[in-house]
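Subject: The two-chain model

Hi,

Here is the model I promised to send over. Have a look at it first, and then read my notes below.

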Amino acid sequence: MTDHAIRVSSHREPKVSPINDPKVRSIFFQIMTALVVVLAVWFISHNVSVNLARANIASGYGFLAGRSGFDIGFAMLPYSSDSTYGDALVVGLINTILIAVTGIFTATIIGFLVGIGRLSKNWLIAKLCTVYVEVFRNIPPLLVIFFWYSGVLSTLPQVRDSLKLPFSMFLNNRGLAFPKPLWGEGTYLIPITILIGIVVTFAIAKWAKKRQMRTGKQFHTIWAGIALIAGLPILTFLMLGAPLTFDYPVAGRFNLSGGSVIAPEFVALYLALSFYTAAFIAEIIRAGIRGVPKGQSEASFALGLQPSSTTRLVVIPQAARIIIPPLTSQYLNLTKNSSLGVAIGFPELVSTGGTTMNQTGQAVEVISIWLVVYLTISIATSLFMNWFNARMALVER
Amino acid sequence: MNKTLLSAAIGAAVLGFASAASAATLDDVKAKGFVQCGVNTGLAGFAQPDSAGNWKGFDVDYCKAVAAAIFGDATKVKYTPTTAQSRFTALQSGEIDLLARNTTWTVNRDTALGFNFRYVNYYDGQGFMVPKSLNVKSALELSGAAVCVQSGTTTELNLADYFKANKLEYKPVVFEKLEEVNAAYQAGRCDVYTTDQSGLYSLRLSLAKPDDHIILPEIISKEPLAPAVRQGDDKWFDIVTWAGFALVQAEEFGITQANVDQIKAGSTNPDVRRFLGVEKDTKIGTDLGLTNDWAYNIVKGVGNYGEVFERNIGASTPLKIQRGLNALWTKGGLQYAPPVR
């Protein structure tokens, strides 16, 4: 640009026709593109609104406040057929988020272990991990879900022949029933003490790091943290006089009544998505670790670092930079794949939305809600991962 | 982009460019040479492909009757299997011309969804099926049960209402596809299966041991199952309505697939002659935009209502469904056709 500017000031530029002027051309094409996009959107929306009107189909989002009239088998929030369609969608959304969060957590752990396992010098472990990755990443996720649902979980005993497990737990093809904790008075203090524990631990960690920089003395932050985060709530709990009772599941005429139940639909979807995504994460981890030049660990050994410290302080931080961006895609994939739960009747967003759509006929509105919600979840996830990536990125001085 | 615009833009994907299909359905159907009929994905007796891939059933025969009325040929139908959820979008978008998929006529579907219903081809009601081993005699004993149900149906709504009204607890187990509900019931994922009673009879047949299951006596809802078309095309609506009434009227006249030619040639009854389009100067078909022998073609193609019923779901079939509410009005039932004149 600067060269150009200098030239303009010193020489008279030969006159070009606007057709050949790159500046005019680029503006022209940008205007054309914008125009085409605007026209396309206008055409599509006009077409839809005209057709909706012609078919006498009601439109608008008012239906969300109407009574839904249907029940949902697995709801984290209080929900009944008297709740609204909006509530039904929220219940579905919470279930989607639940699957996404638990699935991402588990998939990351399995993926990490398998990824490292593939690099193991132990022949058997390395081969087993290879087989795992190749099997799960080459089967469509829907089949993995069906495998867990129909192949594994539905072979569990019938409800009247439930497996009795310790702690009054029952396992059958309708899920895992376990005693439901009923918290007594004053227990709201427990989450507060956990929060206090976390905050204090962070403060200690900051202080310990400062002190180590100054004096070189190390401090056992981890132990202090565990003592604070776990110890404080337990102490509070005991001081309150252990206000905890259980609602035990008992065999009723049809089902087990009482207690809490983890539905097989949830477990099947959770396991399937975890195992499926873990296969991809394993490969990403392996690639990340392989991507750190060998010279780095050799240099670290030469400086006298232990192998464990080398992995923790030298290899992993560098591998993380390679790992995080593709890992984000896998997290987004898992979240989006949770919509496959509709196939096994898990009431996530697509399932409750589908029922709402069918009962109200508001296809356009429900689909727009789906798109906006998934877009929001995905953008939130990638914003978080971008922030995390920026933190982990190489800070050049 | 504002919300309306966004939703509208998305909706285009759903509704497609339906403008061509919704204007004059009869002309479109005549131009393409067949009726595109939305049916169930597989409900024995109502709509199911046989071993050769030919669709058979009560709803299928109704599709054929419409084709016979238009083309004089009952085979000019193409079938689109639809789930409980996909059926309405399929009809709204113009993917199908006609929905004959045991669909309950409700005010919501008649108005907000933009459909039209008039002729009820089967009067049904919702019931419950349970394994005999549970020793249940009445639906009122079902408190605490897990209930399998198909999502997006009136069944799902009636179920919630019934259990709420009777202060019973239950656990819904909901699937989108009929096959998945069946599999879950057979696997023991739930204790009770609920759907329209006709559907229960049909489903029970597909179980490994049909005799191990009983259908409870309670009928908890009215389910008038009616074919549906899109709003805004009255001519097409008239044709599909009267094709249904013609089936009923033929039974009332005693005209069957076997004797229709004989009656057409020999009858002196003016009502019958008008119905079959042989009365002089009749406009019985041309007013509908069809030929005057449209009713004859229907009976020739698929028979009368009673024949269609018996052939697919009646006492001689494995389903063994009684005529009950679906008997002719002259025999104490509800099947009544307005005069064809």
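A word on domains before anything else: their bounds come from an automatic or database domain assignment. Also, this is a predicted model, where local features need pLDDT of at least 70 and side-chain atom pairs count only at pLDDT 80 or more, while totals for chains, interfaces and linings use all residues. Residues are numbered from 1 along each chain as its sequence is written, with chains lettered from A and ligands numbered from 1 in the order in which they are written.

**Chain A**

Chain A is divided into domain 1 (2-54) and domain 2 (85-156 + 264-392). The centres of these two domains of chain A, taken over C-alpha atoms, are 41 Å apart. In secondary structure, chain A has twelve helices and eight strands; helices (H or I, at least four residues) and strands (E, at least two) are DSSP runs, numbered from the N terminus.

Of the 397 residues in chain A, 30% are buried. A residue is buried if 20 or more other C-beta atoms lie within 10 Å of its own, exposed if 12 or fewer, and partly exposed in between, with C-beta atoms placed from the backbone. As for contacts, two residues make one if their C-beta atoms, placed from the backbone, lie within 7 Å. Taking the contacts in chain A between residues at least 6 apart in sequence, 67% join residues at least 24 apart.

**Chain B**

Chain B has 14 helices and 14 strands. The C-alpha trace of chain B spans about 65 × 60 × 40 Å along its principal axes. Buried residues come to 53% of the 341 in chain B. Of the chain B contacts between residues at least 6 apart in sequence, 73% join residues at least 24 apart.

Chain B also splits into domain 1 (18-123 + 225-331) and domain 2 (126-221), with 30 Å between their centres, taken over C-alpha atoms. Where they touch, 17 residues of domain 1 of chain B are in contact with 16 residues of domain 2 of chain B. The domain 1 side of that contact has nine nonpolar, eight polar and no charged residues. For these classes, Ala, Val, Leu, Ile, Met, Phe, Trp, Tyr, Cys and Pro count as nonpolar, Asp, Glu, Lys and Arg as charged, and the others, Gly among them, as polar.

**A sheet in chain B**

Three strands of chain B form an open, parallel sheet in the order β4-β1-β5; strands pair if DSSP finds at least two bridges between them. The edge strands are β4 (77-82) and β5 (98-99) of chain B, each pairing on one side only.

Strand β1 (residues 35-40) of chain B is joined to β4(B) by six bridges and to β5(B) by two. B:C37 stands opposite B:Y79 in β4(B) and opposite B:L98 in β5(B). B:V35 has B:V77 of β4(B) as its bridge partner. Six of the six residues of β1(B) are buried, so β1(B) is largely enclosed by the rest of the structure.

**Where the chains meet**

45 residues of chain B are in contact with 42 residues of chain A. On the chain B side, α1(B) gives the most, with ten residues. That side has 23 nonpolar, 14 polar and eight charged residues.

**Two residues to look at**

B:N135, in the loop between β8 (126-131) and β9 of chain B, has a positive phi, near 60°. B:N135 is exposed, with 10 other C-beta atoms within 10 Å. B:K320 lies in the segment after α14 (305-312) of chain B, and its phi is positive too, near 50°. B:K320 counts as exposed, with 11 C-beta neighbours inside 10 Å.

Cheers
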